[in-house]
Amino acid sequence: MDGNKRWVSGDLQHPDRDPNRRQFVAQQQEPFGAILSCIDSRVPPELLFDTGLGDLYVMRTGGEAVGPVVTGSVEYGPMTSGTPLVVVLGHQRCGAVEAAYNSIRDGKPLPGNLEAISKALRPAYEQAVREGGADPVETMARAQVELTAADLRSNQDLAPLVGQGALAVVGAYYSLDTGKVEVLAGAPS
């Protein structure tokens with residue numbers, strides 16, 4: 001979050017981004033966090049948290065949609081090297097969430113494999129419909145973050161690590177307007 005404060009203020013340090021760091025991590029890595037974020041080109045985790053090479057495992061899918069391969073990728077750091085943090089990062093004005101919302105609402109499937117994203121986001125759609133609100137797409141985007149983080153927190157392989165306090169699974173939301181990341185759920189105490 002300190003890196004995000006630097007991103008918001010423009011006082012960037014650009015840590016761990018030089019040939020010495022490249023050589024240091026060439027043989028092994030020990031990222032301090034894993035980020036599951038959207039594919040949106042405006043939401044690059046390494047930049048908005050002002051981190052560098054070898055600092056983060058990053059997985060990106062449309063609308064933070066998950067399936068077995070994505071879940072396995074998220075599990076990799078905590079289960080193999082003790083990475084203590086997983087962040088599920090949604091964002092403002094998410095095109096994948098908007099497309100899924102409209103598709104589900106209108107009963108018109110998305111073309112090709114985009115429909116798989118829509119199906120993965122259906123629980124967030126259903127929660128957004130129940131919650132209501134002025135902007136149902138934003139409500140759905142936040143619901144997707146919270147549901148995905150809760151699913152990862154209770155995952156059969158990650159839950160023991162969470163229970164031992166060795167892993168925090170945090171849901172967060174990025175504002176495209178301000179650059180600020182807001183923690184929604186799961187922040188360690």
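## Working through the fold

The model is a predicted one, so local features need pLDDT of at least 70 and side-chain atom pairs count only at pLDDT 80 or more, while totals for chains, interfaces and linings use all residues. Residues are numbered from 1 along each chain as its sequence is written, and side-chain values use heavy atoms, with hydrogens and water left out.

**Exercise 1. Describe the overall make-up of the chain.**

Step 1: count the elements. There are nine helices and five strands (DSSP runs numbered from the N terminus: H or I of at least four residues for helices, E of at least two for strands).

Step 2: read the order. From the N terminus it goes α-α-β-α-β-α-β-α-α-α-α-α-β-β.

Step 3: check the extent. Along its principal axes, the C-alpha trace spans about 55 × 40 × 35 Å.

Step 4: look at the contacts (heavy atoms within 4.5 Å). Of those between residues at least 6 apart in sequence, 65% join residues at least 24 apart.

**Exercise 2. Work out how strand β3 sits in the structure.**

Step 1: find its cover. Strand β3 takes in residues 85-91, and six of its seven residues are buried, so the rest of the structure largely encloses it. Buried here means under 20% relative accessible area, with exposed over 50% and partly exposed in between (1.4 Å probe, protein chains only). Across the whole chain, 44% of the 189 residues are buried.

Step 2: find one partner. Strand β1 (residues 33-37) runs parallel to β3, joined to it by four bridges; two strands pair if DSSP finds at least two bridges between them. Ala34 stands opposite Val86 in β3.

Step 3: find another partner. Strand β4 (residues 168-174) is also parallel to β3, with seven bridges between them. On this side, Leu89 stands opposite Ala172 in β4.
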